[in-house]
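Q: Can you walk me through this one? I'd like to start with the ligand and then move to a helix.

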Amino acid sequence: MYAITGATGNLGRLVIEALLKTIPADQIVAAVRNPSKASDLAERGVIVREADYSRPDTLGPAFAGVDKLLLISSTEVSGRLPRHRAVIEAAKRAGVSLLAYTSMLKADTSPATLAIEHRLTEEIIAASGLPAVILRNGWYIENHLASLPAALEHGAFVGASKGGRFSSASRQDYADAAAVALTADEQAGRTYELAGDQAFTVADLAAEVSRQSGKTIVYNDLPEAAFTDVLANFGLPVDLAALIADADVAASHGALFDDSGALGRLIGRPTTSLESLVANALRG
Ligand SMILES: NC(=O)c1ccc[n+]([C@@H]2O[C@H](COP(=O)([O-])OP(=O)(O)OC[C@H]3O[C@@H](n4cnc5c(N)ncnc54)[C@H](OP(=O)(O)O)[C@@H]3O)[C@@H](O)[C@H]2O)c1
C-alpha cells in the first residue's frame, strides 16, 4: 500500500493522479490534514486517512499497513522540522519499506535559507535508518507564473535573482517523478537532483511572455530588501517574503540551476517546456 501526505495540496493531488494510472485506488492512502477536503478522492476508492504533521497521534493510524510513503514537505516554513520528524518516526514505527521525501535542489550545498530545513530533514531520515529516496525538487515554474497577472499589468517581472538561471519544472513533472520513485524497484538510497531540462533567467521568462502576449514585459532586478517589500505588499507573510527573496539571491549564485537531466530520465520524457506553460497561463 502507498501513502501520500499533504495529498489535498497541489503536488499531492497530482501524485495521487499519477499513481492511479497504475495502482488500484484501494492501494493508495491519501494522508491528509483535513479528510473533508478529500471526499472526491474517497468517492473514487482512494483510502482517506487523517494525518496532521502537528498532531503525531494521527500519524500512526494513518500509516498502518503502508509499505511506501511519500512525505511531502510541510508548508509551515521555519516550523517544519518537528513536523517532519514526527512523520519520519511514525513511518519507522509503521515499518514502511520506503520513505520518499520532497527535498530541495542541492539541499546539501545550497546557500538558500529555505534549504536548511530540507538538509536537516534529510539528516533525520538518514539517522532513522529507514530505506529512503530523496527527491530534491527544483523551483516550480508555477512559482514564476504566479506573478504573471501582475507582470502583464505593470509591464515587468520583479525579483532579486539578477542573471541567475532557474532550471524550474512544472509540478506535474515533479509529481510524475515522485510516482516513479514510489513504484519503481531499487529506489532506496537514491538522491535525485530534479529540475527542468530548460534553464531560464527571469529576463528570459519576460521575453517569452512578451513574445506570446504581444506586450512588452521586462525584468526589473531589485535589491533583496526591496523585493521582500514587493512580495509582502502582494500579501505574503513578511517571513515568507524574506525567504523567497533570499532564495532569489541564492538563485543569482546558481542555487536553482541544474543540468543533470535527472528529472527527464526519471519520468521517461522531456520536462514540460516553459513555452507551453506560459501559453497555458496566458490562456488563463
Ligand atoms: N519547489 C518549489 O518551488 C516549492 C514551492 C512551494 C512549496 N514547495 C514545497 O512543496 C510542498 C508541496 O507543494 P504544494 O504546491 O503541493 O503545496 P500546497 O498546495 O500548499 O500543499 C501543501 C499541503 O500540505 C498540507 N499541510 C500543511 N500543513 C500540514 C500539516 N500540519 N499536516 C498535514 N498536512 C499539512 C496542506 O494541507 P491542506 O490541504 O489541509 O491545506 C496541503 O495539502 C510544500 O508544502 C512546500 O514544502 C516547493
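Q: What polar backbone atom is 2.9 Å from an oxygen atom of the ligand?
A: One that belongs to Y140. Bear in mind that this is a predicted model.

Q: How much of the ligand does the protein bury?
A: The protein buries 83% of the 900 Å² that the ligand exposes when taken alone.

Q: OK, and L11? Which of its atoms lies 2.7 Å from a ligand oxygen atom?
A: A backbone N or O atom of L11. For K37, a polar side-chain atom lies 2.8 Å from an oxygen atom of the ligand.

Q: Which residues come nearest to the ligand?
A: T8, L11, S73, N143 and R171, out of 22 residues around the ligand.

Q: And how does that shell split by class?
A: The shell has 10 polar, 6 nonpolar and 6 charged residues.

Q: Switching to α11. Why should its ends be 21 Å apart?
A: Helix α11 runs over residues 238–252, which is 15 residues, and at 1.5 Å a residue it should span 21 Å.

Q: Which of its residues are buried?
A: In α11 the buried residues are A241, L243, A245, D246, A247, D248, A250 and A251.

Q: Covered by what?
A: The cover over the buried residues of α11 includes α5 (114–128), β7 (156–159) and α10 (224–233).

Q: What happens just after α11?
A: G254 takes a positive phi there, about 95°.

Notes. Residues are numbered from 1 along each chain as its sequence is written. This is a predicted model: local features need pLDDT of at least 70, side-chain atom pairs count only at pLDDT 80 or more; totals for chains, interfaces and linings use all residues. Side-chain values use heavy atoms; hydrogens and water are left out. A residue is near a molecule or strand if one of its heavy atoms lies within 4 Å of it. A polar contact is a pair of N or O atoms within 3.5 Å; within protein, one must be able to donate a hydrogen and the other to accept it, and residues adjacent in sequence count only if both atoms are side-chain atoms. Accessible areas come from the Shrake-Rupley method with a 1.4 Å probe; for residues, only the protein chains shown count as cover. Ala, Val, Leu, Ile, Met, Phe, Trp, Tyr, Cys and Pro count as nonpolar, Asp, Glu, Lys and Arg as charged, and the others, Gly among them, as polar. Helices (H or I, at least four residues) and strands (E, at least two) are DSSP runs, numbered from the N terminus. The expected span of a helix is 1.5 Å times one less than its number of residues. Buried means under 20% relative accessible area, exposed over 50%, partly exposed in between (1.4 Å probe, protein chains only). Contact means heavy atoms within 4.5 Å.
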